[in-house]
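Please look through the structure shown below before reading on.

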Amino acid sequence: MTSIPPTDPDLLAAARRFAAEAGALTLEWFRGGDLDLEHKGDGTPVTAADKAAESRLRMRIGEFAPDDAILGEEEGATEGTSGRRWVVDPIDGTKAFTRGVPLYSTLVAVEDEHGPAVGVIELPALGQQVFAGRGLGCFVADANGERPARVSATGSLDAAMLTTSGFGSWSTDQVTAAHRSGATLRTWGDGYGYALAATGSVDAMIDPIVAEWDIAPMMVIITEAGGQFTSLNGHEGAIHGSGVASNGVLHDRLIDLLRT
């Protein structure tokens, strides 16, 4: 049986650079400047910063790997011939961004013929980046340097801290079940919530409704941090419309709980 090879460290380094550069660009609009706010057909907001950051990401990826495919939230899909695909979200948490909340992120993921290869969560306003490459581990980099990222060891739901992007996408039964479990519930959401899960600050991050670009980096980030990432139905990957990232110990119990 052929083993899946680790990600090329140069590919991870490139993804980190591109995410950091695009994230830094968003700071030119954050809490200042003309956002040129619009609303897309689904009602979600988009700003000049979203568009500029995705354009920058596409330019950098194109220079680095012109034959790779790209999927982005703002510009859609660009076909490639290499068998490798980048998935980017220039500002995950645009609503927070437009209100001056510093918890938004820039997300970059890379998939190859073996599956998820690279994941980067860039948190520009916090000066932090959480990143992982398949077989290379998960790390967090900030003003204190670079260090390994690991999920928590919490073993019971009544001692767990769960976070989500918002309870508007939860059913009443799901909210009730989570509340009755005894878990502490918070709403530090979007990419930031997954960064918290990967670094052990929370025990699980749950999104009942998401797009692929919202969670594409999370499979490799969470698994390399020692946790587990699936949809609410227990399926692996970012294409199932929901995301549950946990420390692994609690995962099956969370899936059973939220299926109610």
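What follows covers a sheet, a helix and a single residue.

This is a predicted model, in which local features need pLDDT of at least 70 and side-chain atom pairs count only at pLDDT 80 or more, while totals for chains, interfaces and linings use all residues. Residues are numbered from 1 along each chain as its sequence is written, and side-chain values use heavy atoms, with hydrogens and water left out.

Start with the open sheet, whose 5 strands run in the order β12-β11-β13-β15-β14 with mixed pairing. At its edges are β12 (184-186) and β14 (228-230), each of which pairs on one side only. Helices (H or I, at least four residues) and strands (E, at least two) are DSSP runs, numbered from the N terminus. Two strands pair if DSSP finds at least two bridges between them. Strands β13 (residues 204-207) and β15 (residues 243-246) are paired in the antiparallel sense over 4 bridges.

Next comes helix α8 (residues 251-258), where H251, L254, I255, L257 and L258 are buried, that is, under 20% relative accessible area with a 1.4 Å probe, protein chains only. The buried residues of α8 pack against β11 (161-164), α4 (172-180), β13, β14 and β15.

Finally, find T106 in strand β6 (residues 105-112). T106 counts as buried because its relative accessibility is 0%. Leaving aside neighbours within four places in sequence, T106 is in contact (heavy atoms within 4.5 Å) with residues including A19, L57, P90 and I121.

Key:
Buried < 20%, exposed > 50% of the residue type's maximum accessible area, 1.4 Å probe, protein only.
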